[in-house]
Amino acid sequence: SDVPLERGALTAAASAIAPDVAPLAGPDAIVDAVDALAGLGPVERLLRDPEVTDVLVNGPSDVWIERRGVLERSDCSFADDRAIIAAVERVLAPLGLRIDRASPAVDARLPDGSRLHAVIPPASVDGPVVAVRRFSEIVSDLDELVAGGGISVDGAAQLRSAVAARRNLLVAGGTGAGKTTLLNVLSKEIDPSERTVTVEDAAELRLDGHVVRLEGRPPNAEGAGEITLRTLLRHALRLRPDRLVIGEVRGPEALDMVQAMSTGHDGSMSTIHANGPEEALWRLESLAATAGSGASMETLRRQIRSAIDRVVIVSRRSGKRTVASISEVGADTINEIYPC
């Protein structure tokens, strides 16, 4: 067929031939057919629900979703394991990525900004497993965060003041705690006249004003073409940023970020996986050490404490995401300033 593998074109073509090849098929059948050709098959309808933030496929008949912070089982299902793998291969093909027995795991960003991670046998013992995380802007600004009970008026004022005063911020929390959402909210407090360069594994930040966005890329099917966050950070520093916003540090790029924060890029921000302010700084220290700079741990510790001004901890309890604490980082101390 000369019909492009694009949802609009496929829907038009399917609607045109449906009266002849499937006269009893309704609109839902056309949608299902398009989903099977250009998406992840039966779970596409779940991804169209704006309240769904995660879709987790554990097996053909074991599909879960997270809606409003709560996991629930879906009635969605695949025909068999092969159908799951075929759906993953279908969305990976346009991205130049692959998944097979020789390369049984893949991480990808889909065109709509969602992140997909899939693992198949032999790495996955009980069959193919797929996790899709959708970016959803739960709150748009600090005022909405206050209205939703995510932080007090005083806490929001402290964060707003920290951004305006160009403090370097590190947002920490567990998986799904709302780190990226809060980083997005904080980034919107930046003066639009300032030049901000964002560096992300998967482009999720939605900033206004003078913004340059950089995004990493995994290796392609031949194992080439990877663009690491460390490489992007080096490029970002040559793009004359007033501020840097790094989506998440999880490797040796932590050292480059700390050095950038210490050398004239005040007001920068990032996120990290950690459950408390002390743990966040320890983890940042461990990640910076993997860069192999040869600096002693004491030197790294001093650099980090001079670079990071505030550590903001976010948490999720009973499906609700909140700012648990804001701490001020000193040379030898960490003082909690919210709640106080």
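Tutor: Two strands pair if DSSP finds at least two bridges between them. Helices (H or I, at least four residues) and strands (E, at least two) are DSSP runs, numbered from the N terminus. This is a predicted model, in which local features need pLDDT of at least 70, side-chain atom pairs count only at pLDDT 80 or more, and totals for chains, interfaces and linings use all residues. Residues are numbered from 1 along each chain as its sequence is written, and side-chain values use heavy atoms, with hydrogens and water left out.

Student: Which residue of E2 is the bridge partner of Asp54?

Tutor: In general, strands of a sheet pair through backbone hydrogen bonds, either parallel or antiparallel. Here, strand E1 (residues 52-59) and strand E2 (residues 62-67) are joined by 6 bridges in the antiparallel sense. Glu66 in E2 is the bridge partner of Asp54.

Student: In what order do the 6 strands of the open sheet lie?

Tutor: The order is E3-E2-E1-E6-E5-E4, with antiparallel pairing. Strand E3 (70-73) and strand E4 (105-109) are the edge strands, each pairing on one side only. From one strand to the next, the twist averages 15°.

Student: Which strands does helix H4 lie across?

Tutor: Helix H4 (residues 81-92) lies across E1, E4, strand E5 (115-119) and strand E6 (129-133), and runs at about 135° to E5. Axes are lines fitted to C-alpha atoms, for helices over the stretch in contact, and angles run from 0 to 180 degrees between N-to-C directions. Contact means heavy atoms within 4.5 Å.

Student: At what angle do H9 and H11 pack?

Tutor: Two packed helices are described by the angle between their axes and the distance between the axes. For helix H9 (residues 253-261) and helix H11 (residues 297-307), the angle is about 55° and the axes are 8 Å apart. H9 is therefore oblique to H11; angles under 35 degrees count as roughly parallel, over 145 as roughly antiparallel, 65 to 115 as roughly perpendicular and the rest as oblique. H9 contributes Leu255, Val258, Gln259 and Met261 to the contact, and H11 contributes Leu300, Gln303, Ile304 and Ala307.

Student: How far apart are the axes of H10 and H11?

Tutor: The axes of helix H10 (residues 277-289) and H11 lie 10 Å apart, at an angle of about 125°. H10 is thus also described as oblique to H11. Among the residues making this contact are Leu281 and Leu284 of H10, and Leu300 and Ile304 of H11.
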